[in-house]
Amino acid sequence: MSTLTIQNLTKEYGSVTALEDVSFELEDEFVVLLGESGAGKSTLLRCINGLTEPTSGEILLNGEPIGESQPEVGMIFQQHNLVEGVSAYMNSLTGSLNRTSMLRSLFQWQPREDKQRALEALETVGLLDEAHQRVSQMSGGQQQRVGIARALVQDPTCLLADEPVASLDPSSAETVMSYLKKAARAHDVTALVSLHQVNIAAHFGDRFIGLRDGTVEFDVGPDGLTPGLVDDLYGNVETVGLATEETSSTTPTETEPEASV
Ligand SMILES: Nc1ncnc2c1ncn2[C@@H]1O[C@H](COP(=O)(O)OP(=O)(O)OP(=O)(O)O)[C@@H](O)[C@H]1O
C-alpha cells in the first residue's frame with residue numbers, strides 16, 4: 001500500500017512557471033496525467049522522483065518527505081534507457097543497483113534475492129521465456145516491458161511513467177499499458193502515468209488528473225472523464241471510445257496482457 005501526497009507544489013524555471021500550487025493525494029491507484037505539451041507533466045514526475053528540485057511545496061510518500069535519492073520511486077521513461085547489448089535479465093537486474101554496489105554488480109555478485117526478483121519481474125511483464133534475449137533484438141514494446149521489469153526490481157512504493165507508450169503502435173501501446181497496470185496491481189503500488197493518447201488513458205486509468213499551464217484543471221474518476229472535459233483540455237482531439245456525457249457511467253473493460261508484443 002502506498003500514498004503519494006503532493007502539497008502546494010510549485011516549480012519555476014527562471015521566469016517560466018512550470019507548476020503552480022499543485023496539490024493532490026493518490027492511494028494505491030493507477031492514475032493518468034493528461035495535458036497538452038508544456039502543461040507540466042514531465043516536470044511533476046521529475047519533481048516526484050527527485051530529478052528536479054521543486055521551488056516550493058512538499059512531496060510525501062507514505063507521510064514521509066521524499067529525499068534526494070529515490071529508491072522507493074520506480075521510473076519508466078519513454079526512451080527506456082536500457083543497455084541494448086545485454087540480456088533482458090541483466091537489464092532487469094540493474095534495477096537493484098541502489099541496493100548493490102556497482103563493483104558487485106559488474107562481477108554479477110548480486111544477492112540471490114535480487115536475481116530472483118529480476119526473474120519474477122520479467123515474469124510479471126510476460127518475458128520470462130525471453131530473459132536471456134538481448135534487448136537490441138527485442139521489439140519496442142518488449143523493450144518497454146523490460147523497462148517496467150527493471151523499475152519493479154527496485155521494489156518501489158510508487159511507480160512513475162513519463163509517456164511510456166508514446167513511440168509504440170496502438171496495439172503494442174495497449175499491451176504495454178496492460179502489463180504496466182498488472183505490475184502496479186501485483187506490487188500494490190500507486191502509479192502515476194503521463195499519456196498523450198486519451199483513448200488509452202480512458203481505458204486504463206482509475207483516475208485522471210488534467211494539467212493546464214502548470215495547474216490542476218481536473219481530477220476525476222472514470223465516470224468523470226467526459227469528451228467535453230477532454231476537449232476543454234486539448235481543444236479538438238479524437239475522443240472516440242470515451243464515454244459520452246450521457247453514458248459516462250460505463251466502466252471501460254481492460255485488455256488482458258498478452259504473451260508478447
Ligand atoms: N529544464 C527546463 N528549463 C526551462 N524550462 C523548462 C525546463 N523543463 C521544462 N521547462 C518548461 O516548463 C514547462 C513545462 O514543461 P514540461 O516538460 O513539464 O511539460 P510536459 O507537459 O511534460 O510537456 P510534453 O508533453 O511536451 O513533454 C514548459 O513551458 C517548458 O518549456
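Two strands are taken to pair if DSSP finds at least two bridges between them. Helices (H or I, at least four residues) and strands (E, at least two) are DSSP runs, numbered from the N terminus. The structure is a predicted model: local features need pLDDT of at least 70, side-chain atom pairs count only at pLDDT 80 or more, and totals for chains, interfaces and linings use all residues. Residues are numbered from 1 along each chain as its sequence is written.

The protein chain contains eight helices and ten strands. Of its 261 residues, 45% are buried. A residue is buried if 20 or more other C-beta atoms lie within 10 Å of its own, exposed if 12 or fewer, and partly exposed in between, with C-beta atoms placed from the backbone. Contacts were also examined; two residues are in contact if their C-beta atoms, placed from the backbone, lie within 7 Å. Among contacts between residues at least 6 apart in sequence, 71% join residues at least 24 apart.

Six strands form an open sheet with mixed pairing. Their order is β6-β7-β8-β3-β9-β10. Strands β6 (73-76) and β10 (215-220) are the edges, and each pairs on one side only. From one strand to the next, the twist averages 20 degrees. Axes are lines fitted to C-alpha atoms, for helices over the stretch in contact, and angles run from 0 to 180 degrees between N-to-C directions.

Strand β3 (residues 30-34) belongs to this sheet. Five of its five residues are buried. In a regular strand the side chains alternate between the two faces of the sheet. In β3, both faces are covered. F30, V32 and L34 are buried on one side, and V31 and L33 on the other. Four bridges join β3 to strand β8 (residues 190-194) in a parallel arrangement. Here V31 stands opposite L192. Strand β3 also pairs with β9 in the parallel sense, again over four bridges. In that pair, L33 has I209 as its bridge partner. Strand β9 (residues 207-212) in turn pairs with β10 in the antiparallel sense over five bridges. G210 faces F218 of β10.

Helix α5 (residues 140-153) packs on the sheet and touches β6 and β7 (158-162). Its direction makes about 170 degrees with that of β6. Of the 14 residues of α5, 13 are buried, so the helix is largely enclosed by the rest of the structure. Just after α5, D155 takes a positive phi of about 55 degrees.

Strand β1 (residues 3-13) runs antiparallel to β2, and eight bridges join the two. L9 stands opposite V22 in β2. The hairpin of β1 and β2 has two residues between the strands, and G14 takes a positive phi near 60 degrees. Strand β1 is also joined to β4 (residues 56-61) by five bridges, again antiparallel. Q7 has E58 of β4 as its bridge partner.

The residues around the ligand are Y13, V16, A18, G35, S37, G38, A39, G40, K41, S42 and T43. A residue counts as near a molecule or strand if its C-beta atom, placed from the backbone, lies within 6 Å of it. β2 (16-27) and α1 (41-48) each supply at least two residues of this shell. The largest share, three residues, comes from α1. By class, the shell has four nonpolar, six polar and one charged residues. Ala, Val, Leu, Ile, Met, Phe, Trp, Tyr, Cys and Pro count as nonpolar, Asp, Glu, Lys and Arg as charged, and the others, Gly among them, as polar.
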